[in-house]
Amino acid sequence: MRPFLTAEWRYLVMLNYEVAPEVLRPLVPRDTELDTWQGRTFASMVGFRFLDTRVRGLPVPFHRNFDEVNLRFYVRHLGPEGWRRGVVFVKEIVPRQAIATVARVLYNEPYVALPMRHVVEMEGAHTGAPGRVEYAWKAGGKWQHLAATTLGPPQASEPGSEAEFITEHYWGYTAQRDGGCAEYRVEHPRWSVWQVDTTALEVDVEGMYGARFVPFLRGKPSSAFVADGSAVAVYPGTRTGSGAGQSPASETPRAA
């Protein structure tokens, strides 16, 4: 199958928080269940650069390069070949109103458009020099941000590690207005990750994500790292098992 969207996702700041399962269960789409690592459930604040965006191989004018910040958590779905490990997005922030409007109105994707800016200071970081990445967005008249400084060179995530669990999800799932669930596949090579020295998250948690996340996102993250990223391919969506007889899911670009 030909990819619907190709792009590069680069310099992913990933701040990971252990969240009580009962907080996430109401958000779990049909035909999926919460995915866990060592019996723990996580939500991640993720910021990254979305570069060289192409739809069906064609560049998108004025929408090729932009930032994205999202809050996501982890689920799995039983496919014909076994468990498919995927992500569900609570909210995705982009700076382009056209992207957010189309995704939200037509496809029930949780996008919002806000002013955004970034700082990527990673020259020499692949050889171990300190690096810094920050993604910021303006909401309610105030700038909010997430950031990390890197420590040492990037390394492949250890098999069975929390970093592997967070980065190695290759499916996305989205609840639909009719109660069904859309599924799409994301293809990319295994990412290396930098350990981090410091992290920061300044966000109006209740205003952006709801009161349910306040006790968790205001605490210290369980883990944090910066992933180098890569070229990615996003394939057209379909309906999952119990909704497979309904119309196919939209072919909309999604984040990491």
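In the predicted model, valine 75 is in contact, once its neighbours within four places in sequence are left aside, with Val28, Thr32, Glu33, Leu34, Asp35, Arg84, Arg85, Gly86, Val87, Val88, His169 and Tyr173. Valine 75 belongs to strand E5, and its relative accessibility of 0% falls under the 20% limit, so the residue counts as buried. Between valine 75 and glycine 47, which are separated by 28 residues in sequence, the C-alpha to C-alpha distance is 20 Å.

Val88, one of the residues in contact with valine 75, also belongs to the lining of the second largest pocket, where Leu27, Val88, Phe89, Pro110 and Ala175 lie nearest the centre among 12 lining residues. The space in this pocket amounts to about 170 Å³. At least two residues of the lining come from each of strand E6 (82-94) and strand E11 (171-175), and by class the lining comprises 8 nonpolar, 2 polar and 2 charged residues.

Strand E5, which spans residues 66-79, also carries phenylalanine 66. The structure holds 8 aromatic pairs; in one of them, the ring centres of phenylalanine 50 and phenylalanine 66 are 4.7 Å apart and the ring planes meet at 20 degrees, so that the pair is classed as stacked. Distant parts of the chain are linked by this pair, since phenylalanine 50 lies in strand E3 and phenylalanine 66 in strand E5, 16 residues apart. Phe50 and Phe66 form one aromatic cluster together with Trp9 and Phe48.

The largest nonpolar core consists of 41 residues, and Met45, Trp137, Leu146 and Tyr209 are those with the most contacts inside it. When residues up to four places away in sequence are not counted, tyrosine 209 touches Met45, Leu71, Val90, Lys91, Ile93, Val203 and Leu217.

Valine 19 is located in the loop between strand E1 (5-18) and helix H1 (21-24). Despite this loop position, valine 19 is buried, because its relative accessible area is 2%, under the 20% limit. Its contacts, apart from those with residues up to four places away in sequence, are with Leu24, Thr41, Phe42, Ala43 and Phe216. Valine 19 and valine 196 are 177 residues apart in sequence, and their C-alpha atoms are 21 Å apart in space.

Positive phi values were computed for two residues other than glycine, namely glutamine 38, with phi near 50 degrees, and aspartate 52, with phi of about 50 degrees. Glutamine 38 is placed in the loop between strand E2 (33-34) and strand E3 (42-55), whereas aspartate 52 is found within strand E3. The relative accessibility of glutamine 38 is 63%, over the 50% limit, and the residue therefore counts as exposed. Aspartate 52, by contrast, has a relative accessible area of 29%, which lies between the 20% and 50% limits, so this residue is partly exposed.

Terms used:
Residues numbered from 1 in each chain as written. Predicted model: local features only at pLDDT ≥ 70, side-chain atom pairs only at ≥ 80, totals over all residues. Heavy atoms only, no water. Core = buried A, V, L, I, M, F, W, Y, C linked by side-chain atoms within 4.5 Å. Buried < 20%, exposed > 50% of the residue type's maximum accessible area, 1.4 Å probe, protein only. Contact = heavy atoms within 4.5 Å. 1 Å grid on protein atoms, 1.4 Å probe; cavity = no way out; pocket = protein on both sides within 12 Å on 5 of 7 lines; lining within 4 Å. Points joined across faces, edges and corners; volume = space filled by probe spheres on them. Helix = DSSP H or I, 4+ residues; strand = E, 2+ residues; numbered from the N terminus. Nonpolar A, V, L, I, M, F, W, Y, C, P; charged D, E, K, R; others polar. Phe/Tyr/Trp six-rings, centres within 6.5 Å; stacked < 30°, edge-to-face > 60°.
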